[in-house]
Amino acid sequence: MTDSVALDTVDLHILRLLQNDARTTYRELAAEVGVAPSTCLDRVARLRRTGVILGHQLRLDPARLGRGLEALLSVQVRPHRRELIGPFVERIRSLPESRALFHLTGPDDYLVHVAVADTADLQRLVLDEFTSRREVARVETRLIFQQWECGPLLPPVPGASVPVPGQVRPAD
């Protein structure tokens, strides 16, 4: 686990703005957070250098690219051994249908987010690329009806109470 980086309110404001629109110029960021453009540039450079900012991504609409059906595939690999995991992960990551791959704890070993043209394409993907592999013991498919973006991602607030399920909080 990597160590967290100390961030002040200006850093947090910059991160919040960039997560909402990564194309925001340094001049616009500086004006919004109340610092000089050169200070803003230095702060963003430090956030990159320390690994807080990992990069910028272009988001595409899968449906407009002919991949209007998205699904989550829960995959169980047996035996779950290192020599099988590497090739499996690399193959799944190389598939044009793969959007994200997660290694999990629990009964399923992997969760794969895929985008395909239609149900026939999904069936082809599951049969040809997943269940045809010797190490894949089981694949469970869940269609995604709708998804929402969440965020922005910010560090936890020190001292903030986290609600416990079932716990009754006193009224303010």
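Which residues does Phe102 touch, not counting residues up to four places away in sequence? Select Phe102 and look. Phe102 touches Asp109, Tyr110 and Leu111. Contact here means heavy atoms within 4.5 Å.

Before going on, note that this is a predicted model, where local features need pLDDT of at least 70, side-chain atom pairs count only at pLDDT 80 or more, and totals for chains, interfaces and linings use all residues. Residues are numbered from 1 along each chain as its sequence is written, and side-chain values use heavy atoms, with hydrogens and water left out.

**Stop 1: Phe102 and its strand.** Select residues 98–103. This is strand S2, and Phe102 lies in it. Strands (E, at least two residues) are DSSP runs, numbered from the N terminus. Phe102 is partly exposed, at 42% relative accessible area. Partly exposed falls between buried (under 20%) and exposed (over 50%), with a 1.4 Å probe and protein chains only.

**Stop 2: across to S3.** Now select residues 110–116, which make up strand S3. Of its 7 residues, 6 are buried. S2 and S3 pair in the antiparallel sense over 5 bridges. Two strands pair if DSSP finds at least two bridges between them. Find Leu111 in S3: Phe102 stands opposite it.

**Stop 3: the turn.** S2 and S3 form a hairpin, with 6 residues between them. Click Gly106 in the turn; its phi is positive, about 100°.

**Stop 4: the other partner.** Select residues 69–77, strand S1. S1 and S3 pair in the antiparallel sense over 7 bridges. Here Val75 stands opposite Tyr110 in S3.

**Last stop: Ser4.** Ser4 and Phe102 are 98 residues apart in sequence. In space they are 22 Å apart, C-alpha to C-alpha.

Conventions:
Helices (H or I, at least four residues) and strands (E, at least two) are DSSP runs, numbered from the N terminus.
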